[in-house]
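Please look through the structure shown below with its sequence at hand.

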Amino acid sequence: MFGHRISRSGSAIVKQLAREGYKSTYGRRNLQRSYGHYLPSLPMVQTRTSQEAFFLKNHRFYTASASTPEEGDEETEKITIIFVDKDGEEIPVKVPIGMSVLEAAHENDIDLEGACEASLACSTCHVIVMDTEYYNKLEEPTDEENDMLDLAFGLTETSRLGCQVIASPELDGVHLAIPSATRNFAVDGFVPKPH
Amino acid sequence: MSRRYLARYLVSRYFSSSVSPRPLHVCIVGSGPAGFYTADKLLKAHEGARIDIIDRLPTPFGLVRSGVAPDHPETKIAINQFSRVAQHERCSFYGNVKLGSDLLLSELRDLYHVVVLAYGAESDKDLGIPGETLSGIYSAREFVWWYNGHPDYSSLKPDLTSSDTAVILGQGNVALDVARILLRPTTELASTDIARHALSALEESSIRKVFLVGRRGPVQAALTAKELREVLGIKNMHIRIKETDLSVTPADEEEMKNSRIRKRIYELLSKAAAAAGTSESDPDQRELHFVFFRQPDRFLESNERKGHVSGVNLEKTILESAGSGKQLAVGTGEFEDLNCSLVLKAIGYKSVPINGLPFDHKKGVVPNVRGRVVSQPVEGLSQTERGLYVCGWLKRGPVGIIATNLYCAEETVGSISEDIEEGVFTSSKEGSKGLMQLLEKREVKKVDFSGWEKVDAKEKQMGSERNKPREKLVTWDDLLAAAAAN
């Protein structure tokens, strides 16, 4: 009975994906690893569609050099950002220059929240820059970003908001940790937990 | 990998895992940020989780709808994500369902493997000083619910016309919110989703001076920079802070060294004090006074209007070290009166207990360990209540912002996951089906998410006629009628 219901929802997903076409590359990496540490879970396809709308809406975080990454578009310059998720797992992703870390996370199914959709009214996309050297390469946070960081959970000296950090060539190779209620991150001497 | 391949991959994953999992029936009580973040995290962590979110109101989103100030639309964007959760195929919302009257907690626990209580804090702390029941004194919660169109408080009618002065007790963000709503030009509020009755009353308001009273100093004020920066930017409004209040002690310095937010708030307040120009004789000028180092001793009754407040008697305080860098205010025995016709107490919310639920009356929270409800200790031994959890303000007290609930939910869901792995939930439960039968039997007119969408559409349509993002329906009858409309 339950199996039947699952197969139905599965085919619903196929339909939805077919409708969306080939516009983006959401969710590819996620399939190659188990997600969450309790039980393997399914990526929320439904959530992703609305995120797509959100990215289209937030043009100001896309610069001209980072047009929507098309399938097979090798022209756009990309850097590698390594997310360190709540389980301590390192997830390297390719990010076009000009894209915000929040967008990059969502495009790659990294579990980083964005409650206010990059309007600088929350601190849910808080990330910790793991290397001080990289942190210093970033532009100083604005007052408005600092106002939100004040309230961020597990604030560190090298904390930033993901929606305000924009991919640039000098950030190639940066490690960004996502704070967790069940883990403590320290920038110095941080050792990712084997998983 | 192409999209098509991804789709095939997804389907194969669905099929391969279709042998399990067993359904895990979950009921979340309360549809604010704590409830929705719990639902979101449970859905992601457990394929078998089937979640019903119930709320006593016909509308979802808790304080995002009735707490967040109308002039903070960007904070309300979180509703988008919560709506996606509510529309998830394994999640349902049922409004207008009251735990404690329509349903008992014991009944919910019989129906569901997991019950997560996330119904927040719907009452207020008391000062416990003479005169607190005089008219003209409200809790900030009542005032906030009034201007936000909460159906329980839409007929509050606070007195805004008897004088030009209001006193707000407390200096946190709620205090700042209500001060801003009282002082902000109503032309700026007119294009927000503020309730219509509140906008009309504020347009008639004679309040021009608001005093924000705090027991401690500018270094200890529990407000945040964004909100402070915002009031500093209000047109035609002057900030008043006594210069002597801004001097800091070595203990204050130490507090600022240890807290970046304290330091930044103090700097902003100092900047605002320095920028305060001399008063001009503009009749529409507004003043926001920060009154530090004062605690309310008693309320004064008006001679002309019996039973109505005419001011607050304040005692001066000084700070004393309470150990570990904390400083507490103690009275000095010196008193002064502050006259006003309106008092708003912004000294904190309090959760309300329900029958059959362990409750710590002193802290106003449900005793818990990482979200697992702990029963009243018998002979020093406390036990966790199987399948019963808390999240949000009911779990940790009425502090923090929306995002705090993200981590709070993560912790509670972590505890649930551990219990799942330990095989705590083996019995079979009826879940949603049982709830529907029970509600039907008791003739409870539940409002599901599509009912809310009708309310939402109607409010937005009414709002568009007045150049507002929405015009809230503010009575139970209107809300229930809109939700039931065809």
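Of the 486 residues in chain B, 58% are buried. A residue is called buried when its relative accessible area is under 20%. The model is a predicted one, and every value here is computed from it. Chain B has an accessible surface of about 20800 Å², and carbon and sulfur atoms supply 49% of that surface.

The overall dimensions of chain B come next. Along the principal axes, its C-alpha atoms fill a box of roughly 75 × 60 × 55 Å. The radius of gyration of chain B is 25 Å, which agrees with a compact globule, because a globule of 486 residues would have a value near 23 Å. Among the contacts in chain B with a separation of 6 or more, 75% are between residues 24 or more positions apart. The secondary structure of chain B consists of 17 helices and 19 strands. Its charged side chains number 65 positive and 64 negative, and the centres of these two sets are 5 Å apart.

Now turn to chain A and its strand β1, residues 78–84. Six of the seven residues in β1(A) are buried, so the strand counts as mostly covered, given that buried means under 20% relative accessible area. Which strands does β1(A) pair with? One partner is β2(A), residues 90–96, which runs antiparallel to β1(A) and is joined to it by seven bridges. These two strands form a hairpin with five residues between them. In the turn of this hairpin, A:Gly88 has a positive phi of about 85°. The other partner is β5(A), residues 174–177, which pairs with β1(A) in the parallel sense over four bridges.

Most residues other than glycine have a negative phi. B:Lys157 lies in the loop between α6 (140–147) and β7 (165–169) of chain B. Is B:Lys157 buried or exposed? Its relative accessible area is 66%, so B:Lys157 is exposed.

B:Glu443 is exposed because its relative accessible area is 68%, and exposed means over 50%.

Note on methods
Residues are numbered from 1 along each chain as its sequence is written. Chains are lettered from A and ligands numbered from 1 in the order in which they are written. This is a predicted model: local features need pLDDT of at least 70, side-chain atom pairs count only at pLDDT 80 or more; totals for chains, interfaces and linings use all residues. Side-chain values use heavy atoms; hydrogens and water are left out. The radius of gyration is taken over C-alpha atoms; the globule rule is 2.2 Å times the number of residues to the power 0.38. Buried means under 20% relative accessible area, exposed over 50%, partly exposed in between (1.4 Å probe, protein chains only). Contact means heavy atoms within 4.5 Å. Accessible areas come from the Shrake-Rupley method with a 1.4 Å probe; for residues, only the protein chains shown count as cover. Lys and Arg count as positive and Asp and Glu as negative; His and the chain ends are not counted. The place of a charge is taken as NZ of Lys, CZ of Arg, CG of Asp or CD of Glu. Two strands pair if DSSP finds at least two bridges between them.
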